[in-house]
Structure formats: C-alpha cells, structure tokens
Amino acid sequence: MGDDLHSGKSDEHSSEGAAGAVVGYLLAGILAWGFLGWLAERFLGLPNGLGVAAGMILGAAGAIYLIMKRLSA
Amino acid sequence: MSRELVAAEGLPWPPSVGDFYPPELAGPWVTKFGLMVWLAVALIIIFFMVTYRNPKLVPTKGQWMAESVYGLVRDNIAREQMGKDGIRFAPYFTVLFCFIAVTNLFGVTPLLQISPNSHIAFPIVLAAITFFMYIYIGVRKHGFGRYIKQSLIIPGVPWPMHVLLIPIEFLQTFINRPVTLAVRLFANMFAGHLILLVFTVGGFVLLASDNILIQATSVFAFLMAIVMAFFEVLVSLLQAYVFVTLSANYIGSSLADEH
Amino acid sequence: MDVLAAINGNVNTIGYGLAAVGPAIGVALIFVAYINSSARQPESAGYNRTWLVLGFALVEALALFGLVLAFAVN
C-alpha cells in the first residue's frame, strides 16, 4: 500500500464515466466480433453457430484487454 | 377473463404502443407532443428571464433557485467531468438538463400525462447534437487524422492486438455512445409510461368486475400507481442527470490530450 | 406421445432471465468485497481499483453474452 503498484493515469477521471466505458466497451466488443464471426460463418461455411460463438468470446477478451489498458486499472 | 371486462367497459386494456400516439389536435402538424415541447421551452425561458431580471447580491428566492440549478450543473457535472474547460460548456449543459428534466416531468403532470421523450425521435435529436458536438470539438482541436488516431489506437500495445481492438474502439466511440445515450433516455421514459398505464387502467378494469373481492384488489393497483408516479419523478431527474453527465464526459474525452 | 404442456412464443426471454441471475449476484459480491475493504482500510482503495474493474468486466461479460444472444438467436 506504500507504493501503488498499478499507478497509471486512467483515461476516465469520474466513476460514472468509467462505469459507462466498461459496459460500453464490453457491448461493443461482443457485438462487433460476434457480427464478424457471423459473417465468417456465412462465407466460410463453418459448423452452425461456431463462428458467432468464437467471435463473441474473442470480442469479449479484446474488450477486457482494452478496458484494462484504457482505464489503467 | 379480462377480454370480457374490456368488452363491457371499453377501457384500453391491455396497454399497447398505440396508446403512445394521442389524436392530432389541429391538422397533421400540430400534435400534443409539439405543443408540449413548445411549452417546455417557454417555461425554461420565462423562468430564467424572470428570476434574473434584477439580480441582487443577496438573492431573492427565484434567483437562488436559478443559481442553484446552474451551480449544480457547472460544479457537479461540467467541472467534475471536464476540468477547467468545462465552464465554457456549462450554459449548454444547463439548458440541456433543464429541457430534459422538464419534458420528462411532463410524464406525471396531470393534463399532459406523457413525456415527449417516450417517442424515440426526441432523444435521437438530443443525442445527435451531443455526438456531432464532441466529434467537431475533437477534430477542431486535434485535426482530423490525429483525432482518429487518438481515438482508435492505444500506445503501448503490440501491433497484432490492434487488429482485434480497432473494431471495438470504433464501435464504442462512433456508434455505441450516441445510440446508448438516445436509447437509455427513450427506454426509461417508455417503460415508465407503460407501467403507469398498466397500474392505472388495470385498477379500473379490476374495479369494473362483478366480484367484490376483485374490486377490493383494485385498491392495491391504484396504490402501486401512486408509488410508481413518485418513482417516475425520481427516474425523470436521474435520467436528465445521467444524460448530461455522459455528454460532458464524452466532450471532455475529446478534449483530452495525448497521455 | 401426448404433449402435456407447451410454451409458445419466444423462449429467448426465459433463457435471458435465467442467465441474468448469476452475473447479478457476482457483481454484487465483487462490490461488497471492494466496499468492505475500502471501509476497513481506506488507503487500499486506489490499489484495489484494479481488481474491481477487472472483476466487474469479467462478470459483466457473461451477462452481456446472455443479452446479445437473447436478441440474436431466432
């Protein structure tokens, strides 16, 4: 507690902004990569539903990475 | 069972989307919603003009109320979200806050019992103004290319990760923010009005039955309608506050420098 | 085989309702831990904010999966 191990400046300096950013990034990540996964499924002929699921999980992982980077937390 | 009651009484049960469209007043261009928006604008202009006619050092009651509203928006919203630059935008946020609060509160005032924000057109316009404002301010301060680069690319991230992250950032900044601003306001007002309709009209439907025990339960329906009306006042003010706070946050993040 | 009972209409909403229970409790537990630790030792509040945001994002992701799938699946 003496030195803050994760000190870095967060992009959002208000808590409402941070909360809105977390939910916004998550939703954006899941929707964007779910949609890209669905497109991949249609044009590449993957087994039914696999593209959407893989896309959503990838998008959620990317969104969580982005949240940790942006909000410096 | 409820269908027989409706046939007997002619009450608009169950409530549907058609209940959100009151009949036109004087031709297709004069609707109840248009008059309500004009009324809200007139009320805000008259309030601020009358209370600031002769400002004194020791404020009168009206002047104190106007100053409190402006102080709330300037200190708690603009200065907290945007720092010192926020004071330039405080008048716009005050007007936005007052307009959204007044039009939301029309949902519980006696003669006008619906809020214009329960039609999605009005929140779309308000969110679009905020959206174009924060993009214009960001582009004007940083230049178009640097603003896009600052929004979409994060320093200190290995290059292949950016392929994953850029669609997410783009969706979040340019699509998610205005859409969620508009839909949040619209959904809260729509749902609030629908809840009030359910409890009030449902109370009358229960009251119209033949059984005395069913008529007795209509008391609970009317009680819930009263409780929900108070809750609706809280939600109206809270949604105005959240809309203005998030608008200030987005404009502040456009003005922020590189970290 | 006779059908004894059936549900008509969109079953997606039932699925979403079931899926929202877990993340709701999870987020509440995370914030309980953060509030408790910040109350006992206020200096640790800034330090714990990392795990607050990380935990909230992970749990909320599952809730948003359910929300998106409720609308996306026909």
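This is a stop-by-stop tour of a predicted complex, chain by chain and contact by contact.

**Before you start**

Residues count from 1 along each chain as its sequence is written, and chains are lettered from A, ligands numbered from 1, in the order in which they are written. Since the model is predicted, local features need pLDDT of at least 70 and side-chain atom pairs count only at pLDDT 80 or more, while totals for chains, interfaces and linings use all residues.

The predictor gives the complex an ipTM of 0.76 and a pTM of 0.83.

**Stop 1: colour by confidence**

Colour by pLDDT (the predictor's confidence in each residue, from 0 to 100). Select chain B. Its average is 86, and 95% of the residues score at least 70. Elements here are DSSP runs numbered from the N terminus: helices are H or I, at least four residues, and strands are E, at least two.

Now select chain C. Its mean pLDDT is 90, and 100% of its residues reach 70 or more. Among its elements, helix α3 (residues 45–72) is lowest at 88 and helix α2 (residues 21–40) highest at 95.

**Stop 2: chains A and B**

Show both chains. Two residues are in contact if their C-beta atoms, placed from the backbone, lie within 7 Å. Of the two pairs of chains that touch, A and B have the most contacts. Here 19 residues of chain B meet 21 residues of chain A. On the chain B side, α3 (61–82), α7 (159–207) and α8 (212–255) each give two or more residues. α7(B) gives the most, 10 residues.

Colour that side of chain B by class: eight residues are nonpolar, eight polar and three charged. (Ala, Val, Leu, Ile, Met, Phe, Trp, Tyr, Cys and Pro count as nonpolar; Asp, Glu, Lys and Arg as charged; the others, Gly among them, as polar.)

**Stop 3: the helix crossing**

Select α2 (residues 50–70) of chain A with α7(B). They pack at about 80 degrees, axes 9 Å apart. Axes are lines fitted to C-alpha atoms, for helices over the stretch in contact; angles run from 0 to 180 degrees between N-to-C directions. So α2(A) is roughly perpendicular to α7(B), a label for 65 to 115 degrees.

Show side chains. α2(A) brings Leu58(A), Gly59(A), Gly62(A), Ala63(A) and Leu66(A); α7(B) brings Leu164(B), Leu165(B), Ile168(B) and Glu169(B).

**Stop 4: along α7(B)**

α7(B) has 49 residues and reaches 68 Å from first C-alpha to last, close to the 72 Å expected at 1.5 Å a residue. Go to Asn176(B): a kink of about 45 degrees lies there, shortly before Pro178(B).

**Stop 5: chains A and C**

Here 17 residues of chain A meet 16 residues of chain C. On the chain A side, α1(A) gives the most, with seven residues. That side has 14 nonpolar, two polar and one charged residues.

Last, hide chain A. Chains B and C do not touch; their nearest C-alpha atoms are 14 Å apart.

Terms used
Angles under 35 degrees count as roughly parallel, over 145 as roughly antiparallel, 65 to 115 as roughly perpendicular and the rest as oblique. The expected span of a helix is 1.5 Å times one less than its number of residues. The bend at a residue is the angle between axes fitted to the seven residues ending there and the seven starting there.
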